[in-house]
Amino acid sequence: MKKLIILFLATITLTGCTQEVTFNNPSVQGVKDNYFWRAKSYSATIDPVNNVILIEADSQFETLTLKMPLPSATNPYPITTILGTGSTSEATFSYVVSGQNLFYATGSNAEDGQIVLTEYDPINKTVSGTFRFNSFNLGNNPLGNPIVNFTQGVFYKIPVVN
């Protein structure tokens, strides 16, 4: 009888365990200066005049912006954009520290990063891809590091707003 009670309690205990699963769909995240970074809000916009996609992601006091050329309908995916090679490809990062806004950007002709567009869905109005870059302290502000590094960056199913 004791074995049945122990088996019954073990069964109830094991079936009572649940696992909460959270999905990051959509999401913008990456590794910033060797620490995990995730945006709390994000959006993508299309600039038809300059023919670019602009993704903006915000956390509490930080803003990440990725700018890349809008793909044509005939381009096969993935499309890799090298940062720092022109005005249509750029990554910026800014944050507030001690009441001052620190601004970082990929350098012109620096070719120090990339954005890979893996999907642009004009019907469902979403954009997905990956990114990595080094951005440089534009104001040489002593409150910030000279470089902000992003690796393993992902933007997934970001809604495109017009």
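Which residues does Ser-94 touch, not counting residues up to four places away in sequence?

**Close-up 1. Ser-94 and its contacts in the predicted model.** Ser-94 lies in strand S7, which spans residues 90-97, and, leaving aside residues up to four places away in sequence, Ser-94 touches Phe-61, Glu-62 and Thr-63 as well as Asn-101, Leu-102 and Phe-103. With a relative accessible area of 14%, Ser-94 counts as buried, because the term buried applies under 20%.

**Close-up 2. The largest nonpolar core.** This core has 29 residues, and those with the most contacts inside it are Val-28, Leu-64, Leu-66, Val-127, Phe-131 and Phe-155. At least two residues of the core are supplied by each of several strands, namely S3 (41-47), S4 (52-58), S5 (62-69), S7, S8 (100-105), S9 (113-121), S10 (126-137) and S11 (147-161). Strand S11 gives the largest share of the core, which amounts to five residues.

**Close-up 3. The contacts of Val-127, one of the core residues with the most contacts inside the core.** When residues up to four places away in sequence are not counted, Val-127 touches Ala-44, Ile-53, Ile-55, Leu-117 and Glu-119, and likewise Phe-155, Tyr-156, Lys-157, Ile-158 and Val-160.

**Close-up 4. Ser-135 in strand S10.** Ser-135 is buried, and its relative accessible area is 0%. Apart from residues up to four places away in sequence, Ser-135 touches Phe-93, Tyr-104, Ala-105 and Thr-106, together with Pro-146, Ile-147 and Val-148.

Terms used: Residues numbered from 1 in each chain as written. Predicted model: local features only at pLDDT ≥ 70, side-chain atom pairs only at ≥ 80, totals over all residues. Heavy atoms only, no water. Helix = DSSP H or I, 4+ residues; strand = E, 2+ residues; numbered from the N terminus. Buried < 20%, exposed > 50% of the residue type's maximum accessible area, 1.4 Å probe, protein only. Contact = heavy atoms within 4.5 Å. Core = buried A, V, L, I, M, F, W, Y, C linked by side-chain atoms within 4.5 Å.
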